[in-house]
Amino acid sequence: MKFQGTKNYVATQDLMLSVNAAITLQRPLLVKGEPGTGKTMLAEEVAEALGMPLLQWHIKSTTKAQQGLYEYDAVSRLRDSQLTDVDGGERVKDINNYIIKGVLWQAFTADQPVALLIDEIDKADIEFPNDLLREIDRMEFYCYETRQLIKAKHRPVVFITSNNEKELPDAFLRRCFFHYIKFPDATTMQSIVDVHFPNLKKELVSTAMKTFFEVRGLPGLKKKPSTSELLDWLKLLLAEDIPAEALQSKDDKMAVPPLVGALLKNEQDVTLFEKLMFMQRHNR
């Protein structure tokens, strides 16, 4: 299995090498990068390119590692035991009816190799990665309620994404192959835009990208606009039929672009941007 990119996802050479290295080593691929650089989409596109089903586990601050394995619904079993007319009590006798299989259980017992996405692992408690060390390393876990050892029929291709909100434990990092998705340069960004907007006028694309990189390069921004926000902005420019000349001032200096709310997402950055534009106009 070799990943060589897809028509919907512009993958750099080093990213393709990292994906294939993780597959060869049979280790999870830990992908970091700014929000909006395509970390989640990478797993989706690799799964499609390799013809694999994709199982997704989106992590929240309240997520526990056990939920990825299984959960025992004791409350439902207790309730059913109090209702004697439910299947004549037969359902209650079988504990398997109250085991809720998590994504790792589903991935391990799938009849064909699958891709597994553990998305934004850094959102969870600091102990979350440590609690998955054995399962991800050995591809097995024990279900105490049913006294079963669940072993992987096929080793899934595992993608783990992180936005660097928390540091991950060294023991966990040792078990992963790591790749950092750098923010695309102008050439790569052009390729990404061409994939999503193949018929966009070159003048509009050129001016929009120039404005985008100027906004992104402003010093002091709390949140720099991302690739996904550029694509959203271009979509809005098309929908509103805004011409290229509206994005730059007549003297080719930066102007406050229309629909700037697609690029700047908090009031501090908008205020900073307006101040810088005011200073530029008055040559201070």
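Is Arg 79 buried, partly exposed or exposed? Arg 79 is partly exposed, because its relative accessible area is 44%, a value between the 20% and 50% cut-offs. Welcome to this chain, which is shown here as a predicted model. The chain holds 13 helices and nine strands. With a radius of gyration of 24 Å, well over the 19 Å that the globule rule gives for 284 residues, the chain is more spread out than a compact globule. The points below begin with the whole chain and then visit some of its helices and loops.

**The chain as a whole**

- Along its principal axes, the C-alpha trace spans about 80 × 45 × 35 Å.
- Of the 284 residues in the chain, 44% are buried.
- Among contacts with a separation of 6 or more, 74% are between residues 24 or more positions apart.
- The chain exposes about 15,600 Å², and carbon and sulfur atoms supply 51% of that area.

- Helix α2 covers residues 39-49, and its buried residues include Lys 39, Leu 42 and Ala 43.
- Further along α2, Glu 45, Val 46 and Ala 47 are buried as well.
- What do the buried residues of α2 pack against? Their partners include the helix α1 (13-25) and the strands β1 (29-33) and β2 (54-58).
- The buried residues of α2 also pack against β5 (115-119), β8 (157-162) and β9 (177-181).
- Just after α2 comes Gly 51, which takes a positive phi of about 70°.

**Residues in other helices**

- Arg 79, the residue of the opening question, is found in helix α4, which runs over residues 74-81.
- Arg 79 and Pro 225 are 146 residues apart along the chain, and their C-alpha atoms are separated by 51 Å.
- Thr 188 has its place in helix α10, made of residues 186-196.
- Thr 188 counts as buried because its relative accessible area is 17%, which is under the 20% cut-off.
- Which residues does Thr 188 contact, leaving aside its neighbours within four places in sequence? Thr 188 is in contact with Val 10 and Thr 12.
- Lys 210 lies in helix α11, which takes in residues 202-216.
- With a relative accessible area of 34%, Lys 210 is partly exposed.
- The side chain of Lys 210 makes a polar contact, at 2.8 Å, with the side chain of Glu 214.
- Lys 210 and Gln 248 are 38 residues apart along the chain, while their C-alpha atoms are separated by 9.3 Å.

**The loop between α12 and α13**

- Asp 241 sits in the loop between α12 (227-239) and α13 (267-281).
- At 66% relative accessibility, Asp 241 counts as exposed.
- The phi of Asp 241 is near 55°, a positive value in a residue other than glycine.
- Most residues other than glycine have a negative phi.
- Leu 259 is found in the loop between α12 and α13, and it has a positive phi of about 60° although it is not a glycine.
- Leu 259 counts as partly exposed, at 34% relative accessibility.
- Leu 264 has its place in the loop between α12 and α13 too.
- Is Leu 264 buried or exposed? Leu 264 is buried, because its relative accessible area is 5%, under the 20% cut-off.
- Leaving aside neighbours within four places in sequence, Leu 264 is in contact with Val 215, Leu 221, Asp 269, Val 270 and Phe 273.
- Leu 264 and Gly 102 are 162 residues apart in sequence, and their C-alpha atoms are 38 Å apart in space.

**The loop between β7 and β8**

- Ala 152 is found in the loop between β7 (148-151) and β8.
- At 24% relative accessibility, Ala 152 counts as partly exposed.
- Not counting residues up to four places away in sequence, Ala 152 touches Phe 108 and Met 139.
- Ala 152 and Pro 113 are 39 residues apart in sequence and 9.6 Å apart in space, C-alpha to C-alpha.

Terms used:
Residues numbered from 1 in each chain as written. Heavy atoms only, no water. Helix = DSSP H or I, 4+ residues; strand = E, 2+ residues; numbered from the N terminus. Buried < 20%, exposed > 50% of the residue type's maximum accessible area, 1.4 Å probe, protein only. Rg over C-alpha atoms; globule rule 2.2 N^0.38 Å. Contact = heavy atoms within 4.5 Å. Areas by Shrake-Rupley, 256 points an atom, 1.4 Å probe, with all protein chains shown as cover. Polar contact = N/O pair within 3.5 Å; in protein donor to acceptor, adjacent residues only side chain to side chain.
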